[in-house]
Amino acid sequence: MEENFNKEDFKKQDSMGVVSQRAVSDQYDLEDDFFRKHTLGDDGRRIADMNIEGMPWYVNEISEEERIRRAMEPTLNARETRKMISSALAASLLVALVFIVGMALFLCFCLYVWFD
């Protein structure tokens, strides 16, 4: 393979607009060289856990690190749980109230200003 690659080879076309065979073969040679030089290897990191429940390869065991992490997580008592539920309910009711007031204002605008 020649070392001096000319990008203009890819632009050479015959009268019917077909790229020359030499340009196509040079392109494949360059791609092969690139993949030979830049091999992708496994570095051991986990990107996504593929241990999915219901799949044939599912393993229902928890690692020691996961057990320690779960043990270190704080748990909520009954009072804290009720407080979180009531706060979430209050926030959702506030959002619903804003929508209801907005619809009522739009209805009043339509009845008394727009359609009058």
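# Helices, patch, pocket and salt bridges

User: In which helix does Phe 109 lie?

Analyst: Phe 109 lies within residues 78–114, a helical DSSP run (H or I, at least four residues; strands are E, at least two; both are numbered from the N terminus). The model is predicted: local features need pLDDT of at least 70, side-chain atom pairs count only at pLDDT 80 or more, and totals for chains, interfaces and linings use all residues. Residues are numbered from 1 along each chain as its sequence is written, and side-chain values use heavy atoms, without hydrogens and water. The helix that holds Phe 109 is H4.

User: Is Phe 109 buried, partly exposed or exposed?

Analyst: Buried means under 20% relative accessible area, exposed over 50%, partly exposed in between (1.4 Å probe, protein chains only). Phe 109 has 40% relative accessibility, so Phe 109 is partly exposed.
That class follows from the cut-offs: partly exposed.

User: How many helices and strands does the protein have?

Analyst: From the N terminus on, the elements run α-α-α-α. Buried residues make up 3% of the 116 residues. The count is 4 helices and 0 strands.

User: What is the volume of the largest pocket?

Analyst: The lining includes Arg 46, Asp 49, Tyr 58, Glu 66 and Arg 70. The lining residues divide into 3 nonpolar, 3 polar and 5 charged. A pocket here is an open set of points on a 1 Å grid over the protein atoms alone, where a 1.4 Å probe fits, with protein on both sides within 12 Å along at least five of seven lines; lining residues have an atom within 4 Å of a point. The volume is about 280 Å³.

User: How far apart are the closest N and O atoms of Arg 67 and Glu 64?

Analyst: The two form a salt bridge, meaning a side-chain nitrogen of Lys or Arg within 4 Å of a carboxyl oxygen of Asp or Glu. They are 3 residues apart in helix H3 (residues 64–72), so about one helical turn separates them. Arg 67 is partly exposed, at 47% relative accessible area. The closest N and O atoms are apart by 3.2 Å.

User: Which residues are joined with Glu 66 into one network?

Analyst: Arg 69 bridges to Glu 66 at 2.6 Å, and these two are 3 residues apart in helix H3. Arg 70 also forms a salt bridge with Glu 66, at 3.1 Å, and lies 4 residues from Glu 66 in helix H3. Salt bridges that share partners join Glu 66 with Arg 69, Arg 70 and Glu 73.

Definitions and conventions: Points joined across faces, edges and corners; volume = space filled by probe spheres on them. Nonpolar A, V, L, I, M, F, W, Y, C, P; charged D, E, K, R; others polar.
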